[in-house]
Amino acid sequence: MKIKEGFVLRDVCNSNVVVAQGVENIDFNKIIKLNDSAAYLWKQIETDGGSFTPDKLADLLVKEYDIDRETASTDAVTLSQSWLDAGIVAE
Amino acid sequence: MKEQNKVTYQVAKHIFSILSDHPAVVRTLLPSYEPFLFTETAVKEPLFLLEIVGNLSVEGTKIHQFSWDDAQIAIYTTDYGYCFGLIPHNCTDLFVLQATHDFSSLKVSLQSDSRVDSFVLNNFIMLAYAFATASKATILMHASVIKRKNQGYLFLGVSGTGKSTHSQLWLDTIPQTALLNDDNPVVRIIEGKKIVFGTPWSGKTPCYKNESASIAAFVELQQAPSNQITSLEPLEAYVVLLASSSLMKWDQRISDGLMQTLSDLSMSVPVYNLNCLPDKAAAKLCFARVTHG
């Protein structure tokens, strides 16, 4: 999967929020709030060129947080799906 | 550049000049700007200089097209910045605005139909103002504004919600109120103070006041079968303010500037949602809540 062009993480009202910039997203008027761990994953993906898989997210979660692999995998799949549903990442 | 060919205005403490061979004509094209005429000579750092020239043509690569106040506008990127092509509704003529990247220097071509020229020049100045100020903690908002005891109350909502109607209800119901602007006020943060300013742009209501007020509250209006007011959390407030701002998000510098200003505003100024009927009870409920916390 890949972060869509123009979607960036910003600090809005002391919250981590994904917003749309650029002419391709002119009609995207939502903002997507991320919790701390989702924001951590988003930043890691950004620095890594924007592409990711749920597996890679699970690796990052296990590395950063004190959770088991199975929980991390479930969370990563759920998060990826919710980003897809929100329209901020693409398959 | 001849100083006598310049007409200078000040809106929300931002100064800008229009340069033309016929400055007297410029003033007649912009009657709503008269209260904002700036006559002091020492102008430091004007926001922008807009020059009226002969013919200009559209240049560059088209990136976007949108409707804006009874006109179609297309935006092009060019070597020097941006180019705008504007076609007024009920008109086939194309008008062109060329702007540097930072919108500090602009050129516009007009024709000789004063009614159309007036419309076109006014819209190009609004555009230039919105873009040039975005990185300066300034936002051109879509709102109707009531001023009372030097406090400003901004009513927001999509067109047709009843912003002007609600303002009128305040005027009819609450003492010591006055209309500051009915369509496009300017909101600024100056040294931490949140201030709303009257402008030459007030929609269908001729209310062009060169005055300001300290922002007391934003109220998002929604038509409903009964009156109810709730206060919004900062992030909800941000989304409401964002929807009422002339956001130019295709330019990242402009977009980031506006986001910062809106974020500051939504954390420091009360923002409410008012479900309301167009009645005096709605104005009384709103007034009681926003003036007493």
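Biologist: Why is Ser135(B) called partly exposed?

Modeller: This is a predicted model, by the way. Ser135(B) has 18 other C-beta atoms within 10 Å. Buried would take 20 or more and exposed 12 or fewer, so a value in between counts as partly exposed.

Biologist: And where does Ser135(B) lie?

Modeller: In the loop between helix 2 (114-133) and strand 9 (138-140) of chain B.

Biologist: What does Ser135(B) touch, leaving out residues up to four places away in sequence?

Modeller: Arg253(B), Ile254(B) and Gly257(B). A contact means C-beta atoms within 7 Å, so each of those three meets that cut-off.

Biologist: Over to chain A. How do you know that strand 2 and strand 3 of chain A pair?

Modeller: They share 6 bridges, in the antiparallel sense. Pairing needs at least two, so they qualify. Phe7(A), for one, stands opposite Ala20(A) in strand 3.

Biologist: What makes strand 2 and strand 4 (32-34) of chain A edge strands?

Modeller: The open sheet runs 2-3-4. Strand 2 and strand 4 each have a single partner strand, so one side of each lacks a neighbour in the sheet. Neighbouring strands are turned by 35 degrees on average, direction ignored.

Biologist: How many residues does each chain bring to the contact between A and B?

Modeller: Chain A gives 13 and chain B gives 15. On the chain A side, strand 3 supplies the largest share, 3 residues. By class, that side has 7 nonpolar, 4 polar and 2 charged residues.

Terms used
Residues are numbered from 1 along each chain as its sequence is written. Chains are lettered from A and ligands numbered from 1 in the order in which they are written. This is a predicted model: local features need pLDDT of at least 70, side-chain atom pairs count only at pLDDT 80 or more; totals for chains, interfaces and linings use all residues. Two residues are in contact if their C-beta atoms, placed from the backbone, lie within 7 Å. Helices (H or I, at least four residues) and strands (E, at least two) are DSSP runs, numbered from the N terminus. Ala, Val, Leu, Ile, Met, Phe, Trp, Tyr, Cys and Pro count as nonpolar, Asp, Glu, Lys and Arg as charged, and the others, Gly among them, as polar. Axes are lines fitted to C-alpha atoms, for helices over the stretch in contact, and angles run from 0 to 180 degrees between N-to-C directions.
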